[in-house]
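Please keep the sequence and the structure in view while reading.

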Amino acid sequence: MRIDVNAFLGAYPYRRVPGTAPERLMQALERVQIDEAWVSHLPSLFWRQPMEGNAWLYDTVARERRLRPVPAVHPGLAGWAPTLGEAVDHGAPAVRCDPAHYGLDPAGPEVRVLAAACSAAKLPLMMAVRLEDARQRHPNDRAAELPAAAVRALIRSDDAVRLLITHADRAFIEEVHFGSTPDEAARIWWDISWIWGPPEDHLAMLVETVGVERFVFGTGQPLRIPENAVAKLDLLDLGAQRRAAIESENARAGLLQ
Amino acid sequence: MLIDIHAHFYHDRTPRADWRERNTSRLSAGDKIGVTHHVASILGTWGLTSPIYFPSPRDVTYGNDALLALQRQHPDRVRGYVTVNPNYTTHARAEIERCLGAGMVGIKLAASRRATDPLLDPLCELARARGVPVLQHVWQHRRRDWPGQEASDGAELAALAARHPDVRFILAHIGGGGDWQHSLAALRTVANVYVDLSGSGVDGGMLEACLESVGVERLLWGTDLTMETGWAKLRYLAHLLSPAQLELVKWKNAARIFPPGAFPAD
């Protein structure tokens, strides 16, 4: 069983990306042997009203049993709260918020309120550190990356909120993990999409230092080719049980409550 | 065969206490991936006693010696690029002669001097005379100067390649950050520049754009600092290319541009 917690549907505004249509994503899942993908609507990440993409997302994933929706929530816009109830009704494994793209302080009052609401709704809150390498971003793509300090602040802001952080690298993960109490750190899951493999062996080190239970399989496809996440697991000397933990069991046990 | 045309190793005079582990990890991961040959460079002392991209002559020599030792230790699978700093022309030329004579197979130009600079010309002339390729470190669309390096971009490498049409150049790590579309646009008609697919970037659409811009016969497989991304690109290419085309990227293109005898099966 392999669950990709970090996939997108829809066009990217800053360059041509193949494979953004639902049928192409399904082909990619087949190619890389991914059984289930948690998908976000990519275009609405850049919209003033990102929640307007959720209806399309729900409609689309309803036709594909391997897809689960990760709707967007903009806590700075009036009327956002019912979005969480809709997410639960549609079987969403998480909701996402990209505060820098929305023009919000990533640990400001709006996002803290959202974190508390997600906690109450028992929905993990997904946030991306970045979508692309900072060195290659389009000149007009200027939203700041998610700072590690914001993740530390948010996990402290509510004692039951669960965070799913995608596209984080080793330094980011270490800063947050060891800058949090064990209880706080145990409520954060990291996708492996941006963590380096050999010869630097960042993922191998993090599995030992931070713990295998903190990591989930994520690709960032189609912005990134999904083969990468599989290849880095294939290069890790993990037993079957620990590999299964990353590929699906941590997501199922920790995030799908 | 699978030739990694962009590898690095470390040695005892670098800032890294884990240099042995990193070298071992590269070879071990290479075994899993199926890498038959690591074509590597060492950039001086990686910053210990001179900057990574501006290595002193003494550090250049030490790094090249360490790589020659690795080549002797693993004659079946390690090949070397001789690293030079073009600001020290006499030393650079002597180092190229020394290291090619000792069995290295290419020249590594990092970022000590812009690719458009005339100081690179005598080194490229040596590359032509000795029939070895030049691997040029490239920042994919350098919009400004970056600290620590005098980086070149694809357009600047294209200018160097135009001045030396008989030299084969390798544009380093198309996936190494920066605007790879800028580089590909610059290289489209520059037949003596090959694209090294290495780098941590695994952007959707990048490999299709490489194929569309320069064609399969100018693509070279490599890893640089992230071997999983190299393996991922190889797996993805297997779905884009015919088996014969994939062989070109895996090793045949490399075997064509490195000196005869650099690899056993060419």
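## Terms and model

Helices and strands are DSSP runs, a helix (H or I) having at least four residues and a strand (E) at least two, and both are numbered from the N terminus. The model described here is predicted.

## Overall build of chain B

Chain B has nine helices and eight strands. Its radius of gyration is 17 Å, close to the 18 Å that the globule rule gives for 266 residues, so chain B is as compact as a globular protein of that length. The C-alpha trace of chain B spans about 45 × 40 × 35 Å along its principal axes.

Of the 266 residues in chain B, 57% are buried. Among the contacts in chain B with a separation of 6 or more, 73% are between residues 24 or more positions apart.

## Cis peptide bonds in chain A

Most residues other than glycine have a negative phi, and most peptide bonds are trans. Against that background, the peptide bond from A:Pro198 to A:Pro199 is cis, with omega near 5 degrees, and A:Pro199 is placed in the loop between strand 7 (188-191) and helix 9 (202-211) of chain A.

A cis peptide bond also joins A:Gln221 and A:Pro222, where omega is about 0 degrees. The loop that holds A:Pro222 runs between strand 8 (215-216) and helix 10 (227-234) of chain A.

## Positive phi in chain A

A:Lys122, a residue other than glycine, has a positive phi near 55 degrees, and it lies in the loop between helix 5 (109-121) and strand 5 (125-128) of chain A. Because a residue with 12 or fewer other C-beta atoms within 10 Å is classed as exposed, A:Lys122, with 11 such neighbours, counts as exposed.

A:His167 is not a glycine either, yet its phi is positive at about 60 degrees; this residue belongs to the loop between strand 6 (163-166) and helix 7 (170-177) of chain A. Is A:His167 buried or exposed? A:His167 has 24 other C-beta atoms within 10 Å, and the cut-off for a buried residue is 20 or more, so A:His167 is buried.

## Contact between the chains

The contact takes 25 residues from chain A and 27 residues from chain B. On the side of chain A that touches chain B, the largest share, four residues, comes from helix 10 of chain A. The residues on this side of chain A divide into ten nonpolar, five polar and ten charged.

Key
Residues are numbered from 1 along each chain as its sequence is written. Chains are lettered from A and ligands numbered from 1 in the order in which they are written. This is a predicted model: local features need pLDDT of at least 70, side-chain atom pairs count only at pLDDT 80 or more; totals for chains, interfaces and linings use all residues. The radius of gyration is taken over C-alpha atoms; the globule rule is 2.2 Å times the number of residues to the power 0.38. Two residues are in contact if their C-beta atoms, placed from the backbone, lie within 7 Å. Ala, Val, Leu, Ile, Met, Phe, Trp, Tyr, Cys and Pro count as nonpolar, Asp, Glu, Lys and Arg as charged, and the others, Gly among them, as polar.
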